[in-house]
Amino acid sequence: MKSENKINGLGKKFVKVLMSGLCICLVLNVVWPDKEKSMTENRMLARFPALSASFLQDLDVYFSDQFAGRDLLFKGSYIIKRMEGIRRIDDVYLGKGALIRESSPYDEMIVSKNMDALNAFRAAHDVNTMLMVVPTAASIEKDRLPAFAPVGPEDLDAIWGKSGEGITNIDVRQALNEHKEETIYYKTDHHWTSLGAWYAYQVLAGSQGYTLAGNTVYEVSDHFQGTLASKTGSPFLKDTIELYVPDNVPEYVVTYGSDQHKSRTMYNSKAIHEKDQYEVFLGANEGIVRIESDNDSDKHLLLLKDSYANTMLQFLIPQYRTITIVDPRYYYEDLERIMRSDLITDVLVLYNYSNFVSDSSLSDVLQSRSEEQ
């Protein structure tokens, strides 16, 4: 009888503590100021909605986003999921010492569209044209995935098989596989590291006859938490960001976008003090960026890319007099004018696999040229 009373007493105390906690949370949510952005999730938070047909739905999103202690609960939810043995959150696998995003499925229509547009572009322009599609960590670091994770193969051979005459395929799979025990991909982000890009660059250099120079390595952060940590709430894993500055790098000027902002370096030091530290490489995504170098090269590169190329750019600067960088996801102008005005001699298309097989923005930019001819 006494034990039952003791249990009932403990139960009542627990309920009181729980109710007290809920009351405190409710009070906090009334007085707590709204936040504009979640640094944990790296996204903007909902603000109090205006009256509209979707007001109640928007209000629910608002209260969810602005709940006091949201970041702590988000991270706590991740810890509980790990303890429960959950191996995946959305499209992110909770791997062995790393978060690994699932590859995008191969979309035959999008790949054919991208490759047809690239082949047509090469047929219209007699310039040295290279294609590098980079495998993702899910393909290279299979050993770090949870046991029996249903990850399909990345069909790079199908992409290479669609390359027409005059396009050089730069296949970096072997180089990355040979170094997969090293940190060639971030543990908390979907990008590759400077080291991974360096090994891939050596393959590109061998294909194109670039001079390989040494690099001075600068560690600029040891607490980077990237897109995958933001998506899952992982609080523990952290990455190191290193800059690889080639010993033969010339003086150069970077001109950004439509506002023509200029810089003497491709590295954005402000990003190290912000959430998205990967933006230390070239800054935030821009439709177009131009780099002009003080060297003796007579080659001018057009780089069509996604954000994987930002890390590779470190090694490309010494090889070209100018580099015109176009991100088709944010570029809406005439590519043909760039070919003429920037005296392009070389074209490099550099994408990670997931973007190349799921995003048709490359073909949209390339086809805009042919439609205007």
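**Chatting through a sheet and its helices**

User: Hi! Which strands does helix H4 lie across?
Analyst: Hello! In this predicted model, helix H4 (residues 108-124) lies across strand S6 (128-134), S7, strand S13 (300-305) and strand S15 (346-352). Its direction runs at about 160° to S6.

User: And what does helix H10 touch on the sheet?
Analyst: Helix H10 (residues 309-316) packs on the sheet and touches S6, S12, S13, strand S14 (322-326) and S15. The direction of H10 makes about 165° with that of S13.

User: Okay, the sheet itself: what order do the strands come in?
Analyst: The order is S7-S6-S15-S13-S14-S12-S10-S11, in an open sheet of 8 strands with mixed pairing.

User: Which strands stand at the edges?
Analyst: Those are strand S7 (167-169) and strand S11 (261-263). Each has a single partner strand, so one side of each is left without a neighbour in the sheet.

User: What's the average twist from one strand to the next?
Analyst: The twist averages 20°.

User: How do S10 and S12 pair, parallel or antiparallel?
Analyst: Strand S10 (residues 252-256) and strand S12 (residues 288-293) pair in the antiparallel sense, over 5 bridges. As an example to look for, Val-254 has Ile-291 in S12 as its bridge partner.

User: New topic! Where does Ser-363 lie, and is it buried or exposed?
Analyst: Ser-363 lies in helix H13 (residues 361-372). Ser-363 counts as buried because its relative accessibility is 0%, and the cut-off for buried is under 20%.

User: Which residues is Ser-363 in contact with, leaving aside neighbours within four places in sequence?
Analyst: Ser-363 is in contact with Lys-113, Asn-114 and Ala-117.

Note on methods:
Residues numbered from 1 in each chain as written. Predicted model: local features only at pLDDT ≥ 70, side-chain atom pairs only at ≥ 80, totals over all residues. Heavy atoms only, no water. Pairing = 2+ DSSP bridges. Helix = DSSP H or I, 4+ residues; strand = E, 2+ residues; numbered from the N terminus. Axes fitted to C-alpha atoms, helices over the stretch in contact; angles between N-to-C directions. Contact = heavy atoms within 4.5 Å. Buried < 20%, exposed > 50% of the residue type's maximum accessible area, 1.4 Å probe, protein only.
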